[in-house]
Amino acid sequence: MPYDKLSKLRYKLDADAYKAEFYKRRNSYGTYLTSLSINGFRKGSVMKESYELFYVNTPELMNLHSQVLLNSSKISSSIGQLPAFVIELYFQKLIVNEAQSNNEIEGIRSTKKELQEALAESGKNKHTEKRFVGMMKTYKYIDKIPLFEDIKHFRELYDNFVSDEVGTENTPDGQLFRKGYVEINDGMSTTHIGVRSEEKIIESLDALVDYLKDETHPPLYKYMISHYYYEYVHPFYDGNGRTGRLIVGSYLSKYLEKYSAITFSYAINKDKKKYYKALEEIAVPSNQGEITFYLIDMLTLLSAGQQSVIEDLDLNLMKYKKIRSYFKHPDWENLLEERALLNLFISVSVFIDEDYVFPLQQLLEVSNLSRYKATKALNYLIEKEYIEVIGKNPKSYKICEECIERILTT
């Protein structure tokens with residue numbers, strides 16, 4: 001018999017066979033019990049019956065686990081081949097994509113330009129009222145977010161990450177979390193009701209902190225289950241989805257690398273239906289708390305996000321390899337500063353954004369050239385139609401529109 005969801009087997013098997021299958025799964029050698037309990041949810045109502053979350057380490061799940069680790073290794077290898085000055089800019093590109101996707105999942109409108117400006121603002125040591133600065137700063141240092149070893153850390157993340165974007169009507173009204181009722185509605189029906197009362201929220205998050213410290217569970221599985229349980233608890237009136245995805249990202253950044261971690265929301269946004277269905281099906285009473293299929297769906301999404309990064313890097317590394325051979329032409333032998341600056345423009349155009357604008361000050365900082373040498377080299381590149389002037393105050397430049405294509409076809 002194929003390994004299927006218990007909720008489906010409930011209708012395929014008679015009562016005794018269904019019960020036997022459940023006990024076999026929950027007590028098999030490949031099963032992990034989490035000590036995290038949820039109440040069943042059916043037809044818009046929370047059921048009295050509670051279930052301990054458990055999963056079976058099936059061959060499909062193990063294969064996905066291996067694929068995620070292999071993808072992470074490929075990403076690390078490709079990142080190591082990028083020009084040094086591009087690495088941080090590439091990560092920032094992924095941050096903007098992730099933040100925009102995270103907002104879109106929650107129905108929050110934000111443009112890439114707005115997020116890029118917020119990211120630039122996040123590096124300044126001054127107070128600002130600009131939107132999304134807290135969010136972008138948190139993403140920027142995702143691998144530096146401390147482990148969640150106390151329930152107050154969940155509130156601290158909320159304050160740093162989304163509190164500026166949450167309306168005053170949704171501000172937490174308890175000691176740390178919400179006191180009142182909260183539900184999720186898909187526009188037609190209630191799909192989830194958060195844990196009732198701050199006392200129960202604190203009790204549940206204490207259990208989550210203990211589970212995160214449990215070293216008997218494979219880390220990838222543990223982080224994804226923790227993400228679900230946090231969403232199940234729903235400790236705030238608003239911002240739970242964004243903070244919950246960031247929590248799992250912070251742990252993934254330490255276990256894998258930050259590039260895999262930062263693509264999670266991007267992958268979810270491309271298949272929101274799979275994500276929400278996976279979350280909602282866990283609490284179906286006839287699933288008896290099994291979370292195996294949710295893990296399969298989450299690792300599938302994570303792997304898809306990783307694959308998009310791998311494909312992007314592979315394609316652009318091939319372009320960059322061909323472009324580098326262009327500079328081996330004898331014409332460039334005595335044009336060291338010109339070659340160095342053009343390499344900057346080309347690298348950023350290929351890996352980050354073909355319309356990227358370089359302020360003169362940034363060029364000086366990255367190239368370590370004096371203003372005199374840089375200006376002389378830039379004038380040469382303008383004359384040869386490699387780059388063009390975009391702004392004069394402050395002075396800024398970008399690569400000419402046809403330049404990359406011209407070089408690739410030379």
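This is a predicted model: local features need pLDDT of at least 70, side-chain atom pairs count only at pLDDT 80 or more; totals for chains, interfaces and linings use all residues.

Me: OK, helices. What angle do α3 and α14 make where they pack?
Reply: About 25°, with the axes 9 Å apart. Helix α3 covers residues 59-79 and helix α14 covers residues 292-326.

Me: Switching to holes. How many cavities of 30 Å³ or more are there?
Reply: The structure holds three. The largest cavity has a volume of about 100 Å³.

Me: What lines the largest cavity?
Reply: Among the lining residues are K5, L6, A278, E281, F293, Y294 and D297. The most comes from α14, with four residues.

Me: How does the lining of the largest cavity divide by class?
Reply: There are six nonpolar, two polar and four charged residues in the lining of the largest cavity.

Me: Now the open ones. What is the volume of the largest pocket?
Reply: The largest pocket has a volume of about 810 Å³. Its lining has 25 residues, and L89, Q92, Q116, Y356 and V357 lie nearest its centre.

Me: Which helix gives the most to the lining of the largest pocket?
Reply: That is α5, with seven residues. At least two residues each come from α4 (84-105), α5 (112-122) and α16 (360-367). By class, the lining of the largest pocket has nine nonpolar, seven polar and nine charged residues.

Me: How much space lies in the second largest pocket?
Reply: About 450 Å³. It is lined by 26 residues, and the closest to its centre are I184, E231, H234, Y276 and L279.

Me: Which elements give two or more residues to the lining of the second largest pocket?
Reply: Strands β3 (183-185) and β4 (190-193) do, together with helices α9 (219-233), α10 (240-255) and α13. The lining of the second largest pocket divides into 11 nonpolar, seven polar and eight charged residues.

Me: Rings next. How many aromatic pairs does a search of the whole structure find?
Reply: It finds 25. One of them is the pair of Y32 and Y55, which is stacked, with 5.0 Å from centre to centre and 5° between the planes.

Me: Where in the chain do Y32 and Y55 sit?
Reply: Y32 is in strand β1 (residues 31-42) and Y55 is in strand β2 (residues 45-56). The two are 23 residues apart, and the pair links distant parts of the chain.

Me: Last topic, the backbone. Which residues does a cis peptide bond join?
Reply: N393 and P394, with omega at about 0°. P394 is in the loop between β6 (387-392) and β7 (395-399).

Me: And which residue has a positive phi although it is not a glycine?
Reply: S197, with a phi of about 80°. S197 lies in the loop between β4 and α8 (198-212). For context, most residues other than glycine have a negative phi, and most peptide bonds are trans.

Conventions. Residues are numbered from 1 along each chain as its sequence is written. Side-chain values use heavy atoms; hydrogens and water are left out. Axes are lines fitted to C-alpha atoms, for helices over the stretch in contact, and angles run from 0 to 180 degrees between N-to-C directions. On a 1 Å grid over the protein atoms alone, a cavity is a set of points where a 1.4 Å probe fits but cannot get out, and a pocket is an open set with protein on both sides within 12 Å along at least five of seven lines; lining residues have an atom within 4 Å of a point. Grid points are joined across faces, edges and corners, and a volume is the space filled by probe spheres set on the points. Ala, Val, Leu, Ile, Met, Phe, Trp, Tyr, Cys and Pro count as nonpolar, Asp, Glu, Lys and Arg as charged, and the others, Gly among them, as polar. Rings of Phe, Tyr and Trp (its six-membered ring) pair if their centres lie within 6.5 Å; planes under 30 degrees apart count as stacked, over 60 as edge-to-face and the rest as tilted.
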